[in-house]
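Here is a short briefing on ring contacts and helix packing. Please look over the sequence and the structure before reading on.

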Amino acid sequence: MIVILFGPPGAGKGTQAQRLCDSLGLCKLSTGDLLRAEAASGSDLGRRVQTIMARGELVSDDIMIAMIRKKIAEERANNRGVVLDGFPRTIAQAEALDAMLDEEDLGVDAVIEMKVDDDTLVERIAGRYACAACGAGYHDSFKKPATANVCDQCGGTEFVRRADDSRETVRTRLDAYNRQTAPLLPYYREKGVLFSVDGMQSIDAVESQIQNVLKAEVKGLT
Ligand code: AMP
């Protein structure tokens, strides 16, 4: 099964992708996470993508397509379904994904659009941070650790914020979404695989909307 979680930055794609991995045994491929790992490695490529990400712009299609091709091949070799978070983000990426799946007689089963209004996105992103040790996510207003400055999951006491989560960069990222990524909605609607959920609801409520869509629309899933 190939599922795409689709929506603007801050819509909750990463959180829901993780939930689908846990509940359905899918593998999560997050291009943002892959790029941040590349940047942290200090490689030449990492340095180049770090600059682009810090500006809130999109990394080139060539780099992204090569990166995802390698990862999908690895996961398909393990015969695992994939949930994509943050890919595709342009028409060229969507076409390249279709071509690589076609080679294996596969296709995208469902694209789940998570709808959230712009002001809420900015509030969500500007306040979010994560445990440096285990990656558990928190928010200044909506989800603080039970004990101040101690991670609920692992007891870690160091927390990190993404460099591109500032209010200014979020606006650039939203602009990139509206100009370059939103045009993918009609692309997938025409293929009959686009479904929308209300991303303004609680994490649990969004998860059950997604599960309901997948149960209704993906063959072999009950
Ligand atoms: P995300 O974690 O999905 O919000 O992605 C963080 C940043 O990584 C984005 O603002 C882009 O700079 C870059 N990025 C992630 N995925 C892609 C993609 N599919 N195409 C181009 N740039 C990407």
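Which residue lies over the face of Y138? K143 does, at 5.3 Å from the ring centre. The model is predicted.

**Aromatic rings**

- The structure holds 5 aromatic pairs.
- One of them joins Y129 and F159: the ring centres are 5.6 Å apart and the planes stand at 85°. An angle over 60 degrees counts as edge-to-face, so this pair is edge-to-face.
- Y129 sits in strand β5 (residues 128-131), and F159 sits in strand β7 (residues 159-160). The pair therefore ties together parts that are 30 residues apart in sequence.
- Y129 is buried, at a relative accessible area of 15%. F159 is partly exposed, at 24%.

**Packing of α2 and α4**

- Helix α2 covers residues 31-41, and helix α4 covers residues 61-77.
- The two helices pack at an angle of about 105°, and their axes are 11 Å apart.
- Angles of 65 to 115 degrees count as roughly perpendicular, so α2 is roughly perpendicular to α4.
- From α2, the contact is made by T31, L34, L35 and E38. From α4, M64, M67, I68 and K71 take part.
- By class, the residues of this contact are 5 nonpolar, 1 polar and 2 charged.

Note on methods: Residues are numbered from 1 along each chain as its sequence is written. This is a predicted model: local features need pLDDT of at least 70, side-chain atom pairs count only at pLDDT 80 or more; totals for chains, interfaces and linings use all residues. Side-chain values use heavy atoms; hydrogens and water are left out. Rings of Phe, Tyr and Trp (its six-membered ring) pair if their centres lie within 6.5 Å; planes under 30 degrees apart count as stacked, over 60 as edge-to-face and the rest as tilted. Helices (H or I, at least four residues) and strands (E, at least two) are DSSP runs, numbered from the N terminus. Buried means under 20% relative accessible area, exposed over 50%, partly exposed in between (1.4 Å probe, protein chains only). A charge sits over a ring if NZ of Lys or CZ of Arg is within 6 Å of the ring centre and within 35 degrees of the ring normal. Axes are lines fitted to C-alpha atoms, for helices over the stretch in contact, and angles run from 0 to 180 degrees between N-to-C directions. Angles under 35 degrees count as roughly parallel, over 145 as roughly antiparallel, 65 to 115 as roughly perpendicular and the rest as oblique. Contact means heavy atoms within 4.5 Å. Ala, Val, Leu, Ile, Met, Phe, Trp, Tyr, Cys and Pro count as nonpolar, Asp, Glu, Lys and Arg as charged, and the others, Gly among them, as polar.
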